[in-house]
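Open the model in your viewer and keep the selection tool at hand. The tour moves from one selection to the next.

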Amino acid sequence: MIDGALIGAALWPALVNGLTMGAIYALIALGLTLIYGVLHIINFAHGSLLMVALYAVLVLFERLGLDPYAALVVLVPGMFALGYALQRFVINPARHGRDENTLLVTLGLSIVIENLASHFFKTDTRQIETAYTFMMVDVAGATIAMPRLLACVGALVSCLVLAVLMRYTDLGRAIRAVAREAQGARVVGIDVEHVFAMSFAIGLACLGAAACFLLPAYYVSPQVGHGFVLVAFTVVVLGGMGSFTGSLVGGLLVGVIESLGGLLLGESLGQIGVFVVFIAILLLRPSGLFGHKA
Amino acid sequence: MHPPQSNRSVTGMASSIEDSAPPGRGSFSRSARSGQPAAVTHLLGGTMRSVRVLGAIGIVLALAPLVLHSDFQLTFVTLALYSTLLGAAWNILGGFGGQYSFGHAVFFGLGAYVAAMLQVHAGVPAWIGLVAGVAAGAAAGAALGAISFRYGLRGSYFALVTLAMAEVFRIVANSVPFTGAGVGMMIELRTGLADLQFESRRGYYYLALVLALVALAVGSWVRHSRFGAALAAVRDNEDAARALGIDATRVKVAATALSGTLMAAGGVFYLQYFHYIDPSLVFGPSVSVEALLGPIVGGLGTVLGPLIGAFALALVSQIATHLLGEAPALSMALYGLILIVMVTFLPRGIGGLGKLVRLRARRGRDA
C-alpha cells in the first residue's frame, strides 16, 4: 500500500502539475466545444489534428531551428487554413443532414492522418530539447518544469484571446448568432456556410496554439492524439457542450483528476479515472456542469 | 414464423411511421406504397428469399475449398469471413438499429479474454471457452445497452460512450495480473474440434464460415422479424415508435445484447486462430473500426451488406499490399479514405448501388 504521508507530501505538486496540464486540455477542448457549439458536430479527428500540429512544430524546430513558441506565427494561421478547407471540402459534403455521418467522416479522417503519420514518421515517440527544457520553477512549494508553466500561461492567454474575439469582433458576433439560430442568422444576411467553416478553422487554430505550447513540455508520436481526443471530449461534456467557461473549468478539473488518479492508482490504472468521469457525466448529467439543458 | 395476422399489424405500424421518417430509409417503404396484403406477402417472400440466398452462398462457400488450393487463397477467404462476422455483429445494432457504436471491441475483447482465461487458468476445452465468451458478450451487451439507453443516450453520445468503455476495458486488461497485463495471453496449441484449433487451414475456414453464416442468418432474422420491425421503427423515429407502444429501450438493449454476442464469437475465433491476444489487439480501436467499416461499405442495415463489404475491403487491402508492398499503416490509411468516400458519395454502400442506378434510370425515363 502507498504510504499516507507520502501521498500527503506529493499531493500539492500533483495538484499543480494537474492544473498546468489542465490548462492545455482546456485550450484543446475550447476548439472542440466551439466546433460543437456552432456546427453541432463532433469532431472526432480533433486528436489526430493536434498530432499533425505537434509534428509541424517538431519539423519546424528540427529542420529550421524555429523555436516552438515562435512557431505560433506559422502554426496558428496554418491550422486555421487547414480547418477552413477541411470543413468546406471534406466534412460538409459528407453530412447529408445526419450528425452520425460527420462522426464517421471525422473518424475516417483520423484513421487516414494517424496512419500516414505512422508511415512517414515511424511509430517512435519524439521530443525536442531546448535551452529551457530542464529549467525548473518553484510554484508555492511545488517544483514544476519551466515548459509546463509556460504552456499553462500560454494556454490561458489563448483562451482569453479567443474569449475577446468571440465577444467584441464582428466575426465573434456572427459565430454566436449562428450558434444560437442558424436560420435567423441567414435571414439577417450572415453567410452561414462561411461562419461554419470559420468556426472549424478557429477550432483548429486553437490546436495550432496548443501544439506550440505543448511540445516543449510533452512528446509527439502518431498515436499521441488518442490520449487527447477522449480527454478533450471528457472536458467538453464535463463543462457542457458548447460552453466556454465550462471548457476552461472542465479542462483544469480533468487535469487534476488525471494527476491525482495517477498518484493514487499508479501510472497504468490511473488513466481510468478520466474515462470513468466521462461515462458517468454522459449518463448522469449529459448537459454538463455549465451547459444548458440539451 | 409469425401468423400472417401479426405480421400485418407490424407492417401497418411500421408503414405509418414511414410517413414521418426520411424517405427510403425504412425497411418497409415498398410495403407502404403497395398496401398491406401485398406487404405481408412481401415480408414472407423476403424471409424465404433471404434464406434461399444465404443457403446458396453457404453452399458455394462450403464447396470453395475444393477450388481454392493454395493456403494463401484459403487464408484470404477465411479472414474475409471473419471480417464478415464482425461486420454482421455490428450491423445488427448499427445498421438495423441505427445506433453507431465506436467501441465494439469491448465485446470482442471480452469474448477473447474470457475464453483465454478459462483455457489458460482452468484448462477447459476451447468450445466451453466459446460458450462462456459468447455468454460474456451477451451479458456485456445487455449491460452496456441498459445503462446507455436507460439514460437516453443517442447518436454521437452513444458512440463516444462505447468508445470510452472499450478504453476502460483496455486499461483494466493492461493493469490487472490475471489477464497477463501488457504481456497478453498465449493459449496452448491443442488441435481438435473440441479445442477449435486445426492442423489444416480448412478447419479454420469452416469454423469462420459457420460463424459468419450464423451471424448473417441472425441479421436476416432481425430484418424480417417482428423484433426487427420494432427496431427499424425505433431507428427511424423513436418518438413515433414509443407513441405506438414499442418499448424502445428494451428493443435497443436486446439489439445490443445480440450484437455483443456475435461480436464476442469473433473475439473467440481470433483467439483460436492467432493463439495470442493482448489488450491493444483485442480492445483497441482497430477492431471497432473493422466491425463498422464492413457494413458501411457493403450496405448499412442490409442482410448481405457485411458480407459484400468484408470481401470488398479484403480485396482492396490485398490489392493495396500488392501495389504498395507490406505497409500496414498505408493500407489502414486507405481504409480511412474508403470510409470518407463511402459516407460522402455512397451512403447506402455497394449494396445500395443497384438501387441508385435503378432510381437514376427511372428519373431519366420520367424526364
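How many residues does α12(A) have, and how far does α12(A) reach from its first C-alpha to its last? Bear in mind that this is a predicted model. Select α12(A), residues 272-284 of chain A. The helix has 13 residues. Its reach from first to last C-alpha is 18 Å, close to the 18 Å expected at 1.5 Å a residue.

**Stop 1: what α12(A) hides**

Colour the buried residues of α12(A): A:Gly273, A:Val274, A:Phe275, A:Val277, A:Phe278, A:Ile279 and A:Leu282. Now show what covers them. The cover includes α9 (224-239), α10 (244-265) and α11 (267-270) of chain A. It also includes α7 of chain B.

**Stop 2: across to chain B**

Angles over 145 degrees count as roughly antiparallel, so α12(A) is roughly antiparallel to α7(B). The crossing is left-handed.

Show side chains here. From α12(A), pick A:Ile272, A:Phe275, A:Phe278, A:Ile279 and A:Leu282. From α7(B), pick B:Tyr157, B:Leu160, B:Val161, B:Ala164, B:Met165, B:Glu167, B:Val168 and B:Ile171. By class, the contact of α12(A) with α7(B) has twelve nonpolar residues, no polar ones and one charged.

**Stop 3: the whole interface**

**Stop 4: chain B as a whole**

Chain B holds 16 helices and two strands. Of its 367 residues, 51% count as buried. Take the contacts in chain B between residues at least 6 apart in sequence: 76% of these join residues at least 24 apart.

**Stop 5: α4(B) against α11(B)**

Select α4(B), residues 71-96, and α11(B), residues 248-274. Their axes come within 9 Å and cross at roughly 165 degrees. That makes α4(B) roughly antiparallel to α11(B). This crossing is left-handed.

On α4(B), the residues that meet α11(B) are B:Tyr82, B:Leu85, B:Leu86, B:Ala88, B:Ala89, B:Trp90, B:Ile92, B:Leu93 and B:Phe96. Their partners on α11(B) include B:Ala255, B:Leu258, B:Leu262, B:Met263 and B:Phe269. The contact of α4(B) with α11(B) divides into 15 nonpolar, three polar and no charged residues.

**Stop 6: B:Gly95**

Stay on α4(B) and centre on B:Gly95. Is B:Gly95 buried or exposed? B:Gly95 is buried, because 30 other C-beta atoms lie within 10 Å and the cut-off is 20 or more. Leave aside its neighbours within four places in sequence. B:Gly95 is then in contact with B:Pro295, B:Leu300, B:Gly301 and B:Gly305. Now draw a distance from B:Gly95 to B:Ala122. They are 27 residues apart in sequence and 38 Å apart in space, C-alpha to C-alpha.

**Last stop: α5(A)**

Bring chain A back and select α5(A), residues 146-168. This helix has 23 residues and reaches 33 Å, close to the 33 Å expected at 1.5 Å a residue. Colour its buried residues, among them A:Pro147, A:Arg148, A:Cys152, A:Ser158 and A:Leu162.

Terms used
Residues are numbered from 1 along each chain as its sequence is written. Chains are lettered from A and ligands numbered from 1 in the order in which they are written. This is a predicted model: local features need pLDDT of at least 70, side-chain atom pairs count only at pLDDT 80 or more; totals for chains, interfaces and linings use all residues. Helices (H or I, at least four residues) and strands (E, at least two) are DSSP runs, numbered from the N terminus. The expected span of a helix is 1.5 Å times one less than its number of residues. A residue is buried if 20 or more other C-beta atoms lie within 10 Å of its own, exposed if 12 or fewer, and partly exposed in between; C-beta atoms are placed from the backbone. Two residues are in contact if their C-beta atoms, placed from the backbone, lie within 7 Å. Axes are lines fitted to C-alpha atoms, for helices over the stretch in contact, and angles run from 0 to 180 degrees between N-to-C directions. Angles under 35 degrees count as roughly parallel, over 145 as roughly antiparallel, 65 to 115 as roughly perpendicular and the rest as oblique. A crossing is left-handed if the near helix is turned anticlockwise from the far one by less than a right angle, and right-handed if clockwise. Ala, Val, Leu, Ile, Met, Phe, Trp, Tyr, Cys and Pro count as nonpolar, Asp, Glu, Lys and Arg as charged, and the others, Gly among them, as polar.
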